[in-house]
Amino acid sequence: MTDADRPPLPPFTRETAARKVQAAEDAWNTRDPRKVSLAYSQDSVWRNRDTFVTGRAQIVELLTAKWRREEEYALRKDLWAFDGNRIAVRFQYECRDTDGQWWRSYGNELWEFDEHGLMTRREASINDVPIEEKERRILGPRPDAERGRSFPVE
């Protein structure tokens with residue numbers, strides 16, 4: 001292992017894939033674009049909805065703009081499948097837009113990692129559903145008591 005490694009490293013087991021997914025959830029819930037970008041290779045390729053970006057600088061730009069629009073963002077990710085250096089994830093997040101409308105977003109991500117555990121490819125498909133504030137279910141980062149449990153689709 002080197003200083004550049006981002007464990008857990010592939011090939012993934014169920015346990016290490018689940019740890020990788022939880023680490024990603026925790027990082028994204030910080031809403032710190034620079035911190036989040038460190039999990040990706042320098043030349044990481046993303047498809048996020050209809051946007052395509054390459055490299056950490058563009059990832060930081062995308063996330064900075066995202067979290068300016070998506071206030072009170074809170075995320076849950078669940079491991080869906082894994083094989084070798086790939087992980088599939090389903091996720092849900094909630095946020096409020098600048099007009100005050102609450103949204104729940106559902107999506108799937110496909111991840112591919114290099115030998116250092118850095119994500120080299122991320123493809124995200126996401127659908128948004130308007131919700132009322134009283135319908136919110138994701139209220140900040142995942143509490144310790146919920147770690148390791150799948151988050152229900154509703």
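A salt bridge here is a side-chain nitrogen of Lys or Arg within 4 Å of a carboxyl oxygen of Asp or Glu. The model is predicted: local features need pLDDT of at least 70, side-chain atom pairs count only at pLDDT 80 or more, and totals for chains, interfaces and linings use all residues. Residues are numbered from 1 along each chain as its sequence is written, and side-chain values use heavy atoms, without hydrogens and water.

View 1. The side chains of D144 and R147 meet in a salt bridge, 3.3 Å from N to O. D144 is exposed, at 63% relative accessible area (buried is under 20%, exposed over 50%, partly exposed in between; 1.4 Å probe, protein chains only). R147 also forms a salt bridge with D26, with the closest N and O atoms 3.0 Å apart. This pair links distant parts of the chain: R147 lies in the segment after β6 (119-131), D26 in helix α1, 121 residues apart. Helices (H or I, at least four residues) and strands (E, at least two) are DSSP runs, numbered from the N terminus. R147 is partly exposed, at 33%. D26 is partly exposed too, at 30%.

**View 2. E123 meets R121.** Their side chains form a salt bridge of 2.5 Å, N to O. E123 is partly exposed, with 22% relative accessibility. R121 is partly exposed, with a relative accessible area of 41%.

**View 3. A salt-bridge network.** Salt bridges that share partners join E25, D78, R90 and R142 into one network. The count by this rule comes to 17 salt bridges.

**View 4. The largest pocket.** Its volume is about 230 Å³. Of its 15 lining residues, R49, K66, R69, E70 and Y93 are the closest to its centre. On a 1 Å grid over the protein atoms alone, a pocket is an open set of points where a 1.4 Å probe fits, with protein on both sides within 12 Å along at least five of seven lines; lining residues have an atom within 4 Å of a point. Grid points are joined across faces, edges and corners, and a volume is the space filled by probe spheres set on the points. α3 gives the most to the lining of the largest pocket, with 4 residues.

**View 5. The second largest pocket.** About 200 Å³ of space lies here. Of the 15 residues that line this pocket, the closest to its centre are R6, K20, A23, A24 and A39. α1 gives the most to this lining, with 5 residues.
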